[in-house]
Amino acid sequence: MRVAMRTKRLARAWRLCLAGALLIALAACAAREAAQYAAPVPGATLQPIYVATERALDRTGPFFGNKRPGKVNFFRNTISVPPTHTPGTISWPEGEADAATDFVVADTRIFEGVGQMVADIRAHRSGDETLVYVHGYNNTLSDVMYRLAQIQTDFDTGMPAVAFSWQSAGDPRGYVYDRDSVLYARDDMEALLNALTAAPGEKVFLLAHSMGAHLTMEVLRQAALRGNRRLLNRISGVTLMSPDIDPDLFRQQAEAIGHLPQPFVIFVSRQDRALSLAGFLTGRKPRLGVIDSAQSVAGLDVQVIDFTALGDGEGLNHMTPVSSPQAVSALRGLLAQRQTPPTGLGRYLVLE
């Protein structure tokens, strides 16, 4: 009986492994969409997206196997979101871009350094708060810019938005490459956050997805170990979306940080197939983004919001809170009740 059960578990594991390998192989063969320039049309929404990136500016596509550059580049792209936009979606062109139906780049300004970019943000900011988005595994620079423009459009945050684009391979074969890139990027991200909060009263709100959540936690932990409480006190909130982190490691990171910035919210989905594969690759242990209760984060000052019921299968349910129209609507309703992400709602909330 035990042998049969063990054989069945082994077969199930092998099926998952083979399915994952096939998915990776197919994705690796597929061409990646790239951002294109076009003039905006009447009715389009123009979103200024600031970018701090470790990538070379002429490399907006996959970077698998390439040497990581040692310089951070800064620029602002104005992304035109088409009048036909549906919440949760990014409209990529099929062939030549058409601003009437596709996301396009309308304008670009390259900055000489972080100081010039921060000065531009301050000149266009109505308050003192900036949204910083940290993307996840297997992202190109084009992916990052368009996703942040979609988030800004759908949620109307009222804050200027900065994407910290670390050196992801932009290739599904690059999981280990990306994990190394996260560690490589820690100092650069901390320097960006210090620059964005240098003036009195300035704060940043952190939105991190997937492996970007691991980078964000590492940066907060690093700041705490350096004794940089000034920076930690300037973080107005943290949202980890589908975090690709071992729950044990997350607990250790959180304990090293000490007092976590508030609010501190974790978005999870128990049907996140991308994290299920990541869990298999890292020892068949569930990642933080698929936990099904507050037990894994017991004793930590965090809230967990479960979006499982609102998943529509898009993107392996790995970005459900911002890619599912139902989830976007539910989250907008939740945020409308507060100026910040939910607090006082208990440790585990299921959205349906």
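Predicted model: local features only at pLDDT ≥ 70, side-chain atom pairs only at ≥ 80, totals over all residues.
Colleague: How many bridges join β2 to β3?
Modeller: Strand β2 covers residues 73-81 and runs antiparallel to β3. F74 stands opposite F111 in β3. I79 has V105 in β3 as its bridge partner. The number of bridges between β2 and β3 is seven.

Colleague: Which residue in β2 is the bridge partner of T53?
Modeller: Look at the pairing of β1 and β2. These two strands pair in the antiparallel sense over nine bridges. The partner of T53 in β2 is N73.

Colleague: How many residues of β2 are buried?
Modeller: In a regular strand the side chains alternate between the two faces of the sheet. Here both faces of β2 are covered. On one side N73, F75, N77, I79 and V81 are buried, and on the other F74, R76, T78 and S80 are buried. The count of buried residues in β2 is nine of nine.

Colleague: What is the centre to centre distance of the aromatic pair F250 and F264?
Modeller: F250 sits in helix α8 (residues 247-257) and F264 in strand β8 (residues 264-268), 14 residues apart. Both F250 and F264 are buried. The pair is tilted, with 50 degrees between the planes. The distance is 6.2 Å.

Colleague: What kind of aromatic pair do F267 and F307 form?
Modeller: The ring centres of F267 and F307 are 4.9 Å apart. Their planes make 70 degrees, and over 60 counts as edge-to-face. So the F267 and F307 pair is edge-to-face.

Colleague: Why does the pair of F267 and F307 tie together parts that are apart in sequence, and how many residues apart are they?
Modeller: F267 lies in strand β8, whereas F307 lies in the loop between β9 and α10. F267 is buried at 6% relative accessibility, and F307 is buried at 0%. The pair therefore ties together parts separated in sequence by 40 residues.

Colleague: Is T308 buried or exposed?
Modeller: T308 is in the loop between β9 (303-306) and α10 (320-323). Leaving out residues up to four places away in sequence, T308 touches V268, S269, R270 and Q271. Its relative accessible area is 14%, and under 20% counts as buried. So T308 is buried.

Colleague: What share of the residues of the whole chain count as buried?
Modeller: The accessible surface of the chain comes to about 15500 Å², and 53% of this surface belongs to carbon and sulfur atoms. The chain has 352 residues. The buried share of these residues is 51%.

Conventions
Residues numbered from 1 in each chain as written. Heavy atoms only, no water. Helix = DSSP H or I, 4+ residues; strand = E, 2+ residues; numbered from the N terminus. Buried < 20%, exposed > 50% of the residue type's maximum accessible area, 1.4 Å probe, protein only. Contact = heavy atoms within 4.5 Å. Areas by Shrake-Rupley, 256 points an atom, 1.4 Å probe, with all protein chains shown as cover. Pairing = 2+ DSSP bridges. Phe/Tyr/Trp six-rings, centres within 6.5 Å; stacked < 30°, edge-to-face > 60°.
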